[in-house]
Amino acid sequence: MARPEHGVKPYCEWSREKKRHVFFRLASIIKTRIRQGYAFGVPVDAYERCAPDRFKSEVAPDGFTFAVSTILSMISEWYARFGDGKGVRYIFENRCGSGKIGQQWELMKERPDVVSNFGARPMHPDGLLFRDKRYFKPLQAADILAWNAYHYFAPQVVAPLESIPPTPKPYIDALWTPSVRLSFMNEAQLKEGFAAMKEYEEREGKRSYWLPSQLVKGLRKHNPSDLGFQ
């Protein structure tokens, strides 16, 4: 769905009343058709400052990848209750950064025990798909939730959000139901989380996350002393 404030005709010519009417109709349709919705926000610049270089090189190179990993963790909680062991097809927008998602799926092939927690099927050709949101309507629904969640999160995470307020004002309440979970991490929470991760690794003598075998081989080759953390 084109955003009216982007000057895309005919949407940019709609009255405020029509924009509200269309949005609430879309929100109603979305709420009646979804089983669960998630939105997670993290300030990109803060993630760059707080995340250890090793964590960025081995797990999540940027805030986008970190957010995807966090959402998958949230999905695993839902899947444990309602998944019934069925496979889940994951469909992402075909956009900049999608290559990083594909790389994560390749790594998942090494850990079927992990991916089973959220129903992923990395070995199946249709387990991961990329689609154009202009034609794939479920992605439009996800985009609407993401857009409104962004403007809801941002004043709480970083300020100022923008020099000019967004138009039209987002209506997150119209999408927010018991089936929609909104979460975010600010810079203080990122610092606390990564500090706890470092403390755990120093205490236990191993990494607090799983490493793919190819990366372990690389560590063994380049820095044998680092193998205590794997």
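Author: A residue counts as buried under 20% relative accessible area, as exposed over 50% and as partly exposed in between (1.4 Å probe, protein chains only). The model is predicted: local features need pLDDT of at least 70, side-chain atom pairs count only at pLDDT 80 or more, and totals for chains, interfaces and linings use all residues.

Reader: How many helices and strands does the chain have?

Author: Helices (H or I, at least four residues) and strands (E, at least two) are DSSP runs, numbered from the N terminus. Their order from that end is α-β-α-α-α-β-α-α-β-α-β-α-α. The secondary structure comes to nine helices and four strands.

Reader: What share of the chain's residues counts as buried?

Author: The chain has 230 residues. The part of them that counts as buried is 36%.

Reader: Which way do β1 and β4 run?

Author: Strands pair if DSSP finds at least two bridges between them. Strand β1 covers residues 37-41, and strand β4 covers residues 180-184. Ala39 of β1 stands opposite Leu182 in β4. Five bridges join the two strands, and they run parallel.

Reader: Which residues of β1 point opposite to Gly37, Ala39 and Gly41?

Author: Strand β1 is mostly covered, with five of its five residues buried. Gly37, Ala39 and Gly41 point one way. On the other side, also buried, are Tyr38 and Phe40.

Reader: What is the orientation of α4 to α5?

Author: Axes are lines fitted to C-alpha atoms, for helices over the stretch in contact, with angles from 0 to 180 degrees between N-to-C directions. Those of α4 (residues 63-82) and α5 (residues 98-108) come within 10 Å and cross at roughly 50 degrees. That makes the orientation of α4 to α5 oblique. Under 35 degrees is roughly parallel, over 145 roughly antiparallel, 65 to 115 roughly perpendicular, and the rest oblique.

Reader: How many residues of the contact of α4 with α5 are charged?

Author: Contact means heavy atoms within 4.5 Å. Phe64, Thr65, Val68, Ser69 and Leu72 in α4 meet Lys100, Ile101, Gln104, Trp105 and Met108 in α5. Nonpolar here covers Ala, Val, Leu, Ile, Met, Phe, Trp, Tyr, Cys and Pro, charged covers Asp, Glu, Lys and Arg, and polar covers the others, Gly among them. The contact has six nonpolar residues, three polar, and charged, one.

Reader: What is the relative accessible area of Met108?

Author: Met108 lies in helix α5. It touches Leu72, Val115, Phe118 and Pro122, not counting residues up to four places away in sequence. Met108 is buried because its relative accessible area is 11%.

Reader: Which hand does the crossing of α1 and α7 have?

Author: A crossing is left-handed if the near helix is turned anticlockwise from the far one by less than a right angle, and right-handed if clockwise. The axes of α1 (residues 16-33) and α7 (residues 137-157) come within 11 Å and cross at roughly 115 degrees. Phe23, Leu26 and Ile30 of α1 and Ala141, Ile144 and Asn148 of α7 make the contact. The crossing is left-handed.

Reader: Is Asp84 buried or exposed?

Author: Asp84 lies in the loop between α4 and β2 (90-93). Its phi is near 55 degrees, a positive value in a residue other than glycine. At 65% relative accessibility, Asp84 counts as exposed.

Notes. Residues are numbered from 1 along each chain as its sequence is written. Side-chain values use heavy atoms; hydrogens and water are left out.
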